[in-house]
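Here are some notes from me to read alongside the model. Keep the structure open and find each residue as you go.

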Amino acid sequence: MTDTPTRTQTDERTRTAPETESDASAETTTERAHCPECNGRLIADDEHAETVCADCGLVVEEGEIDRGPEWRAFDAAEKDEKSRVGAPTTNMMHDQGLSTNIGWQDKDAYGKSLSSRQREKMQRLRTWNERFRTRNSRERNLKQALGEIDRMASALGLPDNVRETASVIYRRALEDDLLPGRSIEGVATASLYAAARQAGTPRSLDEISAVSRVDKAEVARTYRYVIRELGLEVQPADPESYVPRFASDLDLSDETELRARDLLATAKEKGIHSGKSPVGLAAAAVYAAALLTNEQVTQNDVSEVASISEVTIRNRYHELLEAEDGAAV
């Protein structure tokens with residue numbers, strides 16, 4: 001005859017079951033806190049999304065989810081300002097990208113065209129949205145200037161870091177009240193010119209003025225005024241920084257580009273670069289290097305790419321070749 005469990009025994013089993021499960025989870029937590037091989041201390045490697053042992057290097061867990069923010073914060077205030085969701089802030093927009101843009105397409109979420117009544121409604125919303133985005137003259141000024149900086153940087157092929165730096169320089173000029181008596185386009189162009197030189201991707205004044213709405217003299221005058229008043233540290237442009245762009249536009253080989261760099265390095269050692277235009281020296285070095293490597297390039301081709309006269313190229317490339325011959329002797 002089989003013994004049937006009593007009610008008391010069944011209650012005891014029911015009470016002990018959860019205790020057993022909790023003990024198992026506690027053991028699992030303990031195992032995760034220490035290495036299962038050497039009982040060493042575990043550390044989290046956020047860069048590789050792994051949990052590894054600090055003593056033996058065993059990878060305990062991998063493919064973990066990074067629950068941190070998408071960008072870094074360098075102080076507590078910056079950490080509080082930045083949110084995990086949404087696009088990061090940028091100085092290239094007058095409101096730092098915090099506002100909402102209403103698209104120009106008159107379509108709904110399914111791609112269907114809106115009715116005439118809905119289109120009128122969306123147009124009114126766009127108008128009010130623009131009014132709210134630029135609530136005062138300072139924001140309208142900033143919006144126009146940053147639009148000019150973005151337009152000119154796109155025409156000159158400048159990267160985003162140069163646009164960001166130019167936007168910061170213009171904001172500083174606006175805060176220091178440097179704009180009265182000067183045009184918005186002039187200060188924006190000067191800011192972009194200074195930012196390009198600071199980033200090591202300089203553009204000549206002729207190239208800058210070609211895409212600007214102001215003339216070369218005003219750009220140069222405003223540039224000197226801005227860097228003086230803001231105390232910007234802008235190093236003289238290095239002729240070698242122009243060589244890769246000129247060589248790429250002329251479709252020259254890497255050997256020619258390297259030869260041009262060597263010519264400029266020799267010119268610096270001889271001191272013949274002092275007081276001369278870096279754009280002219282770079283153009284002359286590219287032309288001289290093309291002659292030395294038997295590349296088919298004319299002075300007119302280099303002149304059009306560098307926006308410099310052929311007379312300057314002829315004068316400078318003779319000086320570079322003489323310095324090269326003197327160094328060889």
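The points below go from the whole protein to one annotated site, then to the sheet and the cores.

1. Some ground rules. This is a predicted model, where local features need pLDDT of at least 70, side-chain atom pairs count only at pLDDT 80 or more, and totals for chains, interfaces and linings use all residues. Residues are numbered from 1 along each chain as its sequence is written, and side-chain values use heavy atoms, with hydrogens and water left out.

2. The overall picture. The protein has 13 helices and 3 strands; these are DSSP runs numbered from the N terminus, with helices being H or I of at least four residues and strands being E of at least two. Of its 329 residues, 34% are buried, where buried means under 20% relative accessible area, exposed means over 50%, and partly exposed lies in between (1.4 Å probe, protein chains only).

3. Contacts along the chain. A contact means heavy atoms within 4.5 Å. Take the contacts between residues at least 6 apart in sequence: 60% of them join residues at least 24 apart.

4. The annotated cysteines. An unreviewed UniProt entry marks C35, C38, C53 and C56 as "binding site". They span 22 residues in sequence, but no two of their C-alpha atoms are more than 8.6 Å apart, so they gather at one spot. Bear in mind that UniProt positions are given in the numbering used here, feature names are shortened, and annotations may be inferred rather than shown by experiment.

5. Two of them up close. Is C35 buried or exposed? Its relative accessibility is 4%, so C35 counts as buried. C35 lies in the loop between α1 (7-33) and β1 (42-45). Leaving out residues up to four places away in sequence, C35 touches G40, L42, C53, C56 and L58. C56, by contrast, is partly exposed at 42% relative accessible area, and is found in the loop between β2 (50-53) and β3 (59-62). With the sequence neighbours up to four places away left out again, C56 touches C35 and C38.

6. The sheet. Three strands make an open sheet in the order β1-β2-β3, with antiparallel pairing. β1 and β3 are the edge strands, each pairing on one side only, and the twist averages 20 degrees from one strand to the next (axes are lines fitted to C-alpha atoms, for helices over the stretch in contact, and angles run from 0 to 180 degrees between N-to-C directions). Strands pair if DSSP finds at least two bridges between them: β1 and β2 have 4, while β2 and β3 have 3. To see the pairing, look for A44 opposite T51 in β2, and V52 opposite V59 in β3. β2 and β3 also form a hairpin with 5 residues between them, and G57 in the turn has a positive phi of about 85 degrees.

7. The cores. How many residues does the largest nonpolar core have? It has 35, and Y170 and L192 make the most contacts inside it. (A nonpolar core is a set of buried Ala, Val, Leu, Ile, Met, Phe, Trp, Tyr and Cys residues joined through side-chain atoms within 4.5 Å.) α6 gives the most to this core, with 9 residues. A second, separate core has 30 residues, including F246, L263, L264 and A306.
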